[in-house]
Amino acid sequence: MLIAEQRVARLGCCRDNQPYVVPIYYVRAEGQVFGFSMPGRKIEFMRSNPLVCVEIEHCTDQHCWKCVIIEGRYHEFHKETDKKHAWNILKVYNDWWDPGALNLGSDAKPPGYLPVFFAISMDSVTGREATLV
Ligand SMILES: Cc1cc2nc3c(=O)[nH]c(=O)nc-3n(C[C@H](O)[C@H](O)[C@H](O)COP(=O)(O)OP(=O)(O)OC[C@H]3O[C@@H](n4cnc5c(N)ncnc54)[C@H](O)[C@@H]3O)c2cc1C
């Protein structure tokens, strides 16, 4: 299944009628899409409007591609146990990102630099694919 196979998605969020799209790494687990981020614009967008979409694709060539759109709701983990649970899911692929920024055990960084862990519910999933026959 495309969502389980891929690791990079485009996350779409919207605040005050202004859309914002960024690539993110993700893991699908427990019926949700898990991700993480440092504080910044996308997190502020999703905190103010938790309705988001996630686009995942795989393109072999111009005639052969798959694309899935997930619509769902942003949920941010605040409890340390929940953050660690999310990190345990994400860290299977921990060579993705700056490991220093994601070192949950480090006290060296100011609070603003702590990563934000989140999950997006999969309320609706649609997709298309093209194959050259
Ligand atoms: C293939 C790919 C995968 C990616 N995967 C991820 C991913 O999994 N997670 C992810 O977050 N990004 C990922 N990125 C980068 C992402 O697409 C954005 O470009 C980036 O996260 C900046 O988004 P932002 O909305 O936070 O931007 P901005 O708000 O412009 O922030 C830019 C950066 O400044 C820093 N920053 C901003 N405000 C603060 C603050 N208050 N305190 C501390 N630091 C701050 C953060 O590092 C932030 O990411 C990926 C990019 C690519 C190409």
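Strands β6 and β7 (residues 116-121) pair in the antiparallel sense over 3 bridges. The model is predicted. Its protein chain has 3 helices and 8 strands, in the order α-β-β-β-β-α-β-β-α-β-β from the N terminus on.

**Pairings of β6**

- In the pairing with β7, histidine 75 has alanine 119 as its bridge partner.
- Strand β5 (residues 51-61) runs antiparallel to β6 (residues 64-76), and 10 bridges join the two.
- Isoleucine 56 lies opposite valine 68 of β6.
- β6 also pairs with strand β8 (residues 124-130), in the antiparallel sense and over 7 bridges.
- In β8, valine 125 stands opposite isoleucine 70.

**Cysteines**

- The structure contains 0 disulfides.
- Cysteine 13 is in no disulfide, and the nearest cysteine sulfur, that of cysteine 14, is 7.9 Å away.
- Cysteine 13 is buried, its relative accessible area being 3%.
- Cysteine 59 is likewise in no disulfide; for this residue the nearest cysteine sulfur belongs to cysteine 64, 7.9 Å away.
- A sulfur pair counts as a disulfide within 2.5 Å.

**Burial, contacts and surface**

- Of the 133 residues in the protein chain, 36% are buried.
- Among contacts between residues at least 6 apart in sequence, 67% join residues at least 24 apart.
- The protein chain has an accessible surface of about 8,000 Å². Carbon and sulfur atoms account for 53% of that surface.

Technical notes:
Residues numbered from 1 in each chain as written. Predicted model: local features only at pLDDT ≥ 70, side-chain atom pairs only at ≥ 80, totals over all residues. Heavy atoms only, no water. Buried < 20%, exposed > 50% of the residue type's maximum accessible area, 1.4 Å probe, protein only. Helix = DSSP H or I, 4+ residues; strand = E, 2+ residues; numbered from the N terminus. Contact = heavy atoms within 4.5 Å. Areas by Shrake-Rupley, 256 points an atom, 1.4 Å probe, with all protein chains shown as cover. Pairing = 2+ DSSP bridges.
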